[in-house]
Amino acid sequence: MTESAEMPASTYELIQSADGYLARITARGVAVLASPTINRGTAFTLEERRELGLTGLLPSGVSTLDGQLRRTYAQFQAQSTDLRKWVYLANLRDRNEVLFYRLLSEHIEEMLPIVYTPTVGLAIERFSHEFRRPRGVYLSVDHPEEVETALHNTGLGPEDVDLLVATDSEGILGIGDQGVGGIEISVGKLAVYTAAAGIHPSRVLPVVLDVGTDNLTLLNDEMYLGERHARVRDERYDQLIDTYVQACGRLFPNAMLHWEDFGATNARRILDRYAEQCCTFNDDMQGTAAVVLAAAFSGVRAAGTRMRDQRVVIHGAGTAGLGIADMMREEMIREGLPPEEATRRFWALGRRGLIADDRIDHLYDFQVPYARTWDEVKDWGAPGSRPGLADVVRHVRPTMLIGTSTQAGAFTEAIVRDMAAHTQRPIIMPLSNPTSKCEALPADVLAWTDGRALVATGSPFAPVEHDGLTYQIAQANNALVFPGLGLGVTVVRASRITPAMISAAADAVAQLSDATKPGAPLLPPVRDLRPVSAAVAIAVARAADAEGLARAPLTNPIEQVHQAMWRPEYPRVEVKPL
């Protein structure tokens, strides 16, 4: 395996073997220090410095990796703002990839909000003004004929890429259309794949599909680096997507295509179009749904019930909320419910209230299956009004309440108490990010239910003390699922990703936390991402193999996953003659 994104491939070759990685280096002097893949800075030994032409180019002291970690962590902590911390880590990655990933891996709980959501949103907004060096692939809707050329120019061959993360930047992290700056969401997502699941950073590609932007601030900014026109939404958009998918299939036939932060009108449509054609995954829909399904599995076990018995109210009927409904519905069907009955286990609310068939022409295609008949619900609300959340909870008596609405405080005390009056262990998940948009605070939910609620949130929350018991609050973070899913797909070279594989991932996560214990969380903590990702990968690989979708043999899943997880350690060095 070679990497060519940072310097010509002829200057070094990175080879994976049973005992780790070997870097065969032809470069000398500053060219070695310029490559983040092989540069180890002050950790080069004196002999390596002499052989690589580095004598005098570094301070005379030789550091260990542990010593470098202490230094860089102190420097990270010294940064005064989260954005400065993001910049510091980005610069470190551009200098020394191994050190960056080692630092991130050892402080993943602290640094995940910096390299990914929410801080990366600030970096995306400043992308054109703070641009430093290109990272990833930029594909333009105005030049679809150049897509394959651009991917080819990475210098990566058919066996060199495991994963591509692509965004069209329309729905970035709650801040909307960010044009070409969305490349940073792809970069951040891949950093999590590497830190959590050990997918080698040289085997991934971040991609932005630049289709223009409707963000007037960007269009009027003379520094903006993307295509300077309104967002393209006609057949040219579909042509770019199709050209990208087909080019990836030809150039990187074993790679998984990950879609990130697409707008609601395109996300599901694209996933549905290509799900049967290639190995593809949308984290906003499937990843979010999978981690919520994991929390639901855990909660249902703690409540002593089954998924098929749940009555689920979802406040926020967008792609995330109804992606959750879709996945839970599939699980109910697997447990024996007829499809139509499973669908009727869900009540979904949009901004105007409960979704019903009296406004069918105003619904997205993915909302239509969950529309209730108007005759059924027309009398639930006040005369002449559509039923709201309180009305729905009062009539449905749900066992599970899920918030993806971004409406802060939507789960009021009255609503939660009403739900808890009819359900011994109510499962309540206020998932909206950031904390300022959360539907309810965990401390309030536990107080209003006398500690009986089983709670998962989208944002991280500190433990809650209630009646002398400490409750750990589960964070339904997609990072518990998508890195391990990608790793499992990579291990067996899965040709597609199926609902059964995603369900296996969710169940693997749920198995790692025992919510039957008083105060225990529904999900494992984010700090355990490495072992969680390994468990998910094993489950996904087995599920793919069972469905006949594995293109590589699965003989020893635990060992194969373990061997596939790159550990951020300096590779052995072999100096090649000039």
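Reader: How do the residues of the lining of the second largest pocket divide into nonpolar, polar and charged?

Author: The lining has 11 nonpolar, four polar and seven charged residues. Ala, Val, Leu, Ile, Met, Phe, Trp, Tyr, Cys and Pro count as nonpolar, Asp, Glu, Lys and Arg as charged, and the others, Gly among them, as polar. This is a predicted model: local features need pLDDT of at least 70, side-chain atom pairs count only at pLDDT 80 or more, and totals for chains, interfaces and linings use all residues. Residues are numbered from 1 along each chain as its sequence is written, and side-chain values use heavy atoms, without hydrogens and water.

Reader: What volume does the second largest pocket have?

Author: About 540 Å³, where a volume is the space filled by probe spheres set on grid points joined across faces, edges and corners. Leu-271, Asp-272, Gln-286, Asp-326 and Pro-499 are the closest to its centre, out of 22 lining residues. A pocket is an open set of points on a 1 Å grid over the protein atoms alone, with protein on both sides within 12 Å along at least five of seven lines; a cavity is a set where a 1.4 Å probe fits but cannot get out; lining residues have an atom within 4 Å of a point.

Reader: Which element gives the largest share of the lining of the second largest pocket?

Author: Helix α15 does, with five residues. Elements giving two or more are α13 (264-274), α14, α15 and α22 (499-510).

Reader: What makes α14 and α15 oblique to each other?

Author: Their axes cross at roughly 55° and come within 8 Å. Under 35 degrees counts as roughly parallel, over 145 as roughly antiparallel, 65 to 115 as roughly perpendicular, and the rest as oblique. α14 and α15 are therefore oblique. The crossing of α14 and α15 is also right-handed. Met-285, Leu-293 and Phe-297 of α14 are among the residues making the contact, as are Ile-324, Met-327 and Met-328 of α15. By class, this contact of α14 with α15 holds 11 nonpolar, four polar and two charged residues.

Reader: Why is α3 called roughly perpendicular to α5?

Author: Helix α3 (residues 65-77) and helix α5 (residues 97-106) pack at about 70°, with axes 10 Å apart. That angle makes α3 roughly perpendicular to α5. Contact here (heavy atoms within 4.5 Å) involves residues including Leu-65, Leu-69 and Tyr-73 of α3 and Leu-99 and Leu-103 of α5. The contact of α3 with α5 has five nonpolar, two polar and three charged residues.

Reader: How many cavities of 30 Å³ or more does the count come to?

Author: The count comes to three. The largest cavity has a volume of about 70 Å³. Leu-14, Tyr-21, His-200 and Trp-566 are among the residues that line the largest cavity. By class, the lining of the largest cavity has five nonpolar, two polar and two charged residues.

Reader: What volume does the second largest cavity have?

Author: About 60 Å³. Its lining includes Trp-86, Arg-93, Glu-184 and Gly-188. Helices α4 (82-95) and α10 (183-197) each supply at least two lining residues. The lining of the second largest cavity divides into seven nonpolar, one polar and two charged residues.

Reader: Which residues does Ala-539 touch, not counting residues up to four places away in sequence?

Author: Ala-539 touches Ala-504 and Ala-508. Ala-539 lies in helix α23 (residues 529-546). Its C-alpha atom is separated by 9.2 Å from that of Ala-506, 33 residues apart along the chain.

Terms used. Axes are lines fitted to C-alpha atoms, for helices over the stretch in contact, and angles run from 0 to 180 degrees between N-to-C directions. Helices (H or I, at least four residues) and strands (E, at least two) are DSSP runs, numbered from the N terminus. A crossing is left-handed if the near helix is turned anticlockwise from the far one by less than a right angle, and right-handed if clockwise.
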